[in-house]
Amino acid sequence: MLNSTLKKESVAKLKQEVSDYELAAKRAQNHAISLHNNRTIAVDVIKSVEDYVNTLTNTPKEFVQEFAQININTASFKVLSEITYDEKTMIKIAGGGSAAGVAAGVATAAMAPAAAMAIATTFGTASTGAAISGLYGAAATNAALAWLGGGAVVAGGGGMAGGSALLALAGPIGWGIGAASLLAGGVFASKKNREAAIKADNERIKINKEKRKLQATTLEISKLLNSTKKLTTQLNQSILQFVTNIKDIKSFLQFSQDQRDEIRAIINNTESLSKLFMKEIGEN
């Protein structure tokens, strides 16, 4: 039949592109999970530094201010990490009560909870920081969810813009191009050869574009993961060594000048680590 070969080739290429996209999405999910796990370790190391400094007397007032900022930088990550990412939450993030939002929420709910949490914290921690500033408990959780979802648009942009990052990592079914469902439903089989070939090619081009964006985002996540790992390890080693060396000194005033400089450097590095939580992903 005329253009039959063209149709078969176009549909085959589309199937391959969908498969490639889903593989890229899985890689991004895995990187996001690794970043979340390492950020969880970083939070513990940051807390160990703060806990130690709090045992000291006569510390400079700027230490209090620095730790206040450090806690602001990590607050959103902590809130997002405590949310249960079930289907109801996914629907809220993906698009509220709209039909598309419900469908997307169901699609993303199929993801493992660890992956959903990792993605939300990877893409939402920086943008939700201002939204939850000064809030605690349920109020902070609701504000963060609103910012991740439709509330981000209402508030003037930022955030995940209706959960688009979460949907992107759920694959084509999640983000609405519909190639996967078209293939599964045999839509192309009912179309004329040339029409089916053109539609398949158009869908493939869209997916390829999104795949390339996702691959670039994965590279960003990887770089942030490496920076977080490195600084967390260095900070943990520094505070452990410092505590071992100063023995039983409990007052900042009893520190030598070198020891004062060293604890200041440790606090500065703690703040640097906390700033990594505020780095935007997918904005470039």
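I read the elements of the protein chain from the N terminus on as α-α-α-α-α-α-α-α-α-α-α-α. That is twelve helices and zero strands, where helices (H or I, at least four residues) and strands (E, at least two) are DSSP runs numbered from the N terminus.

I note that the model is predicted, that local features need pLDDT of at least 70 and side-chain atom pairs count only at pLDDT 80 or more, while totals for chains, interfaces and linings use all residues. Residues are numbered from 1 along each chain as its sequence is written, and side-chain values use heavy atoms, with hydrogens and water left out.

**Whole chain**

I looked up burial: 45% of the 284 residues in the protein chain are buried (under 20% relative accessible area; exposed is over 50%, partly exposed in between; 1.4 Å probe, protein chains only). The protein chain exposes about 14,300 Å², with 54% of it supplied by carbon and sulfur atoms (Shrake-Rupley method, 1.4 Å probe). Of the contacts (heavy atoms within 4.5 Å) with a separation of 6 or more, 78% join residues 24 or more positions apart.

**Glu 50**

I found Glu 50 in helix H1, residues 4-55. Glu 50 is buried but has no salt bridge (a side-chain nitrogen of Lys or Arg within 4 Å of a carboxyl oxygen of Asp or Glu). The nearest side chain of opposite charge is Lys 78, 6.2 Å away. Leaving out residues up to four places away in sequence, Glu 50 touches Phe 67 and Asn 71.

**Ala 265**

I placed Ala 265 in helix H12, residues 257-276. Its relative accessible area is 33%, so Ala 265 counts as partly exposed. From Ala 265 to Leu 235 I read 9.8 Å, C-alpha to C-alpha, across 30 residues in sequence.

Notes. Lys and Arg count as positive and Asp and Glu as negative; His and the chain ends are not counted.
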